[in-house]
Amino acid sequence: MYHFFAYLDRLKLIRRWGLMRNTVPENDMEHSMQTALIAHGLAVLGKTRYQRNIDPERVVVLALYHDVSEVITGDLPTTVKYRTPGIQDAYHDLEANARRQLVDMLPQDMRDAFATYVDPDERTYEWRLVKAADRISAYLKCVEEEKMGNRDFAQAKITIQNSINQNTLPEVHEFVREFVPSFSLSPDELSRL
């Protein structure tokens, strides 16, 4: 018996934004789906407008698996994970160990096929798209909370927007310009366009 998929199913139980008051709760499974959709859009933009030699479907799968280690580690708040001395390196090691644990939950003959997604090469162009999609997804969470009148996400929105603005990939900026404004609209406004 292998537990890989049963563990991944528990991503729906991992809550994001633990230190923030959430008007609309979000879990890792929802976030991964949104990140995958955005990553696919970024990859298609890169392939069609910039003739990048990539496989958009591979990017989707990378995005689906990008946070799977959190099913073991939990989602540590960004302020702790990245801004506390010593914890960033320790958390990176913890995530790497969690990814290895997950891959080991597969039959031996399936491990290599999944390892490329569960524990990807983070130096690739595809991974840069996934990380950009992850940031855009976080930004959209801030937009959603802002629409609901929740000011807890105001500073996070600014910080995340600044990190997106610093991204050097043109497809990221095109995606933000062409698709992100729609997320501020109501369903009635969306249906009128």
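This is a predicted model: local features need pLDDT of at least 70, side-chain atom pairs count only at pLDDT 80 or more; totals for chains, interfaces and linings use all residues.

Reader: At what angle do helix α2 and helix α10 pack, and how far apart are their axes?

Author: Residues are numbered from 1 along each chain as its sequence is written, and side-chain values use heavy atoms, with hydrogens and water left out. Helix α2 (residues 28-50) and helix α10 (residues 170-179) pack at about 115°, their axes lying 9 Å apart. Axes are lines fitted to C-alpha atoms, for helices over the stretch in contact, and angles run from 0 to 180 degrees between N-to-C directions.

Reader: What makes α2 oblique to α8?

Author: Their angle is about 125°, with the axes 8 Å apart. Angles under 35 degrees count as roughly parallel, over 145 as roughly antiparallel, 65 to 115 as roughly perpendicular and the rest as oblique, so α2 is oblique to α8.

Reader: Which residues of α2 meet α8?

Author: H31, Q34, T35, I38, A39, L42, A43 and G46 do, contact meaning heavy atoms within 4.5 Å. Their partners in α8 include L129, I136 and L140.

Reader: What does L129 contact beyond its neighbours within four places in sequence?

Author: L129 is in contact with L42, A43, I54, V59, L169 and E171.

Terms used:
Helices (H or I, at least four residues) and strands (E, at least two) are DSSP runs, numbered from the N terminus.
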